[in-house]
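Here is a short tour, meant to be read with the sequence and the model side by side.

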Amino acid sequence: MVSSYVDLTEEQQKMLDDAALSIVTIKRDTQSKLAASGAAFDDGGFGSKCDICGCTSFMGDALKCANDSCRHSCSDHVFT
């Protein structure tokens, strides 16, 4: 498992993906809380589009995108 933009060890890539998933989780939680309060939240698409295949939104809550046509790491969606 090596990132498309930096040569990382497998352990480093796992840590990067874990951090990216934390960012996605916090973003989703923030969107949910703001929506519940009636506030709008426009992040400009941060953490959505896959840097490798162009998948428009990270899906799921695992380290790999649940979109069958993507399946790239969470970090490929966040750190672009």
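This is a predicted model: local features need pLDDT of at least 70, side-chain atom pairs count only at pLDDT 80 or more; totals for chains, interfaces and linings use all residues.

## Ser69 and its loop

Ser69 sits in the loop between H1 and H2. Is Ser69 buried or exposed? With 61% relative accessibility, Ser69 counts as exposed, because that value is over the 50% cut-off.

## The overall fold

Stepping back, the protein chain has two helices and zero strands. Helix H1 covers residues 10–36, and helix H2 covers residues 74–78.

Of the 80 residues in the protein chain, 25% count as buried. The accessible surface comes to about 5000 Å², and carbon and sulfur atoms hold 55% of that surface. Which share of the contacts with a separation of 6 or more joins residues 24 or more positions apart? In this protein chain the figure is 44%.

## The nonpolar core

Which residues make up the largest nonpolar core? There are ten: Ala20, Leu21, Val24, Cys50, Cys55, Phe58, Cys65, Cys70, Cys74 and Val78. H1 and H2 each supply at least two residues of this core, and the largest share, three residues, comes from H1.

Setting aside neighbours within four places in sequence, Cys74 is in contact with Asp17, Ala20, Leu21, Val24, Phe58 and Leu63.

## Cysteines without disulfides

How many disulfides does the structure hold? The count is zero. Cys50 is in no disulfide, and the nearest cysteine sulfur, that of Cys53, lies 3.9 Å away. Cys50 itself is buried, since its relative accessible area of 2% is under the 20% cut-off.

## Salt bridges along H1

The structure holds two salt bridges. In one, the side chains of Asp18 and Lys14 meet with an N to O distance of 3.0 Å. These two residues are four apart in helix H1, so about one helical turn separates them.

Asp29 forms a salt bridge with Lys33, and here the closest N and O atoms are 3.2 Å apart. Asp29 and Lys33 both lie in helix H1, four residues apart, or about one turn of the helix. Asp29 is partly exposed, with a relative accessible area of 39%, whereas Lys33 is exposed at 55%, because this value is over the 50% cut-off.

Thr25 belongs to helix H1. Is Thr25 buried, partly exposed or exposed? Its relative accessible area is 46%, so Thr25 is partly exposed. The C-alpha atoms of Thr25 and Gly60 are separated by 9.9 Å, although the two residues are 35 apart along the chain.

Ser75 is found in helix H2. A relative accessible area of 0% makes Ser75 buried, in contrast to Ser69, which counts as exposed at 61%. The side chain of Ser75 is joined to that of Gln13 by a polar contact of 3.1 Å.

Technical notes: Residues are numbered from 1 along each chain as its sequence is written. Side-chain values use heavy atoms; hydrogens and water are left out. Buried means under 20% relative accessible area, exposed over 50%, partly exposed in between (1.4 Å probe, protein chains only). A polar contact is a pair of N or O atoms within 3.5 Å; within protein, one must be able to donate a hydrogen and the other to accept it, and residues adjacent in sequence count only if both atoms are side-chain atoms. A disulfide is a pair of cysteine sulfur atoms within 2.5 Å. A salt bridge is a side-chain nitrogen of Lys or Arg within 4 Å of a carboxyl oxygen of Asp or Glu. A nonpolar core is a set of buried Ala, Val, Leu, Ile, Met, Phe, Trp, Tyr and Cys residues joined through side-chain atoms within 4.5 Å. Contact means heavy atoms within 4.5 Å. Accessible areas come from the Shrake-Rupley method with a 1.4 Å probe; for residues, only the protein chains shown count as cover.
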